[in-house]
Amino acid sequence: DRERGTMNILIIHHYPGLGGATLSCYDVARALIETGHHTVVSVPAGENEARRMADKLNIEAVDGAPPVIQFTYHNGSSGIVRCVLKYLKMQRYIAKWEKLIDEISPDIVLLNSSVQWPMIKLLKRKGIKSILFVRETMRKNQLGLINRYIRKKLSQADGVTFLTKYDLEQWDLPTYVKQYVIPDSVNKDNYDMTRTKEESRKKLGLDIEKFYVLYVGGINSIKGAGEIVSAVEWLEEPFVETVLGDLAENLRQCSFLKSLIQYREAKYVKKVYRQIEMINKTESRIQLKGLQRKMDDWLNACDVVVFPVGKVHQA
């Protein structure tokens, strides 16, 4: 197979939920499969949305993959202390990854996030080429000590892709690094928009006459939940705000220890919920619908989609 140009490709994906990176991961996998390459995706172990999507798309997924070794320092991450502690904690999985990579024996590995750069060293030791997908926005000053260190590590990949030219210029990798801008796009095959707005509203149990604003970021400070909830307080126009995505119930009623570890985000989530409760006292103007596996009818039923990003974290 390899003599005919067909490669054995492993894509490493570490996020268990649905989102842009997950959708893009499977778009890339399907493109590689359609061009004749044997492609397998490593997704987090256990039952999760990423694995369910792989099964639905009939894409081969690795069973029992260990957690990916990560260095989660970017504009949407927590501070450097938690980042380093998490990184050190994950060192125990190196031997398991060595065993898994030996079993799969890939010709090339696609790392589906910039935070996976610690995996490059392991792959180099195995003599396996790597392509790193930089999806996250650089944190703070590009000339800072930590970013310079990460830049050095990114440069060790055999290829690096960016979502935008801005991200490519921010990282300013050495010219000898093979680097490309490959923007994400919406795969129209994933959506059935043939129903009318009225049909979609009826299916979802929405009022036919009302004006609906759709926000898909969940209760999350980075995505801007607080901004859109505050907007509902200010605006007098009669509309319904529909919130999709992770509703952060785990932070709303978390243990004392977790509330200390994730103090800022837990405080933010509780504040947003208090606002929602106040707004909905007299009239239900904000609907919390949670995570959705199918977006077709929501996009079709609502009048406008908003994304008031709180902090730029991905292109």
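The model is predicted, with local features needing pLDDT of at least 70 and side-chain atom pairs counting only at pLDDT 80 or more, while totals for chains, interfaces and linings use all residues. Residues are numbered from 1 along each chain as its sequence is written, and side-chain values use heavy atoms, with hydrogens and water left out.

**Stop 1: Asn48**

Select Asn48, in the loop between strand E2 (38–42) and helix H2 (49–56). Helices (H or I, at least four residues) and strands (E, at least two) are DSSP runs, numbered from the N terminus. Is Asn48 buried or exposed? Asn48 counts as buried because its relative accessibility is 7%; buried means under 20% relative accessible area, exposed over 50%, and partly exposed in between (1.4 Å probe, protein chains only).

**Stop 2: the six-stranded sheet**

Show the strands E2-E1-E3-E4-E5-E6, which form an open, parallel sheet in that order. Two strands pair if DSSP finds at least two bridges between them. At the edges are E2 and strand E6 (179–181), each pairing on one side only. From one strand to the next, the twist averages 20°; axes are lines fitted to C-alpha atoms, and angles run from 0 to 180 degrees between N-to-C directions.

Zoom in on E3 and E4, a parallel pair with four bridges. Here Leu111 stands opposite Leu132 in E4.

**Stop 3: the second largest pocket**

Select Ile108, Leu110, Ile131, Gly159 and Thr161, which lie nearest the centre of the second largest pocket among its 16 lining residues. Two or more lining residues come from each of helix H1 (20–34), strand E3 (108–111), strand E4 (129–134) and strand E5 (159–162). The pocket's volume is about 270 Å³. On a 1 Å grid over the protein atoms alone, a pocket is an open set of points with protein on both sides within 12 Å along at least five of seven lines, a cavity is a set where a 1.4 Å probe fits but cannot get out, and lining residues have an atom within 4 Å of a point. Grid points are joined across faces, edges and corners, and a volume is the space filled by probe spheres set on the points.

**Stop 4: the cavity**

How many cavities of 30 Å³ or more does the structure hold? There is one. The largest cavity contains about 70 Å³ of space. Its lining has 13 residues, and Tyr73, His74, Ser114, Ile150 and Trp171 are the closest to its centre.

**Stop 5: the four-stranded sheet**

Move to E9-E8-E7-E10, four strands that form an open sheet in this order with parallel pairing. Strand E9 (286–290) and strand E10 (304–306) are the edges, each pairing on one side only. Neighbouring strands are turned by 25° against each other on average, direction ignored. Strand E8 (residues 239–244) pairs with E9 over four bridges, and Leu244 stands opposite Gly290 in E9.

**Stop 6: Gly224**

Finish at Gly224, in the loop between strand E7 (211–215) and helix H9 (225–234). Gly224 counts as buried because its relative accessibility is 0%. Select Phe307 as well: the two C-alpha atoms are separated by 7.1 Å, although Gly224 and Phe307 are 83 residues apart along the chain.
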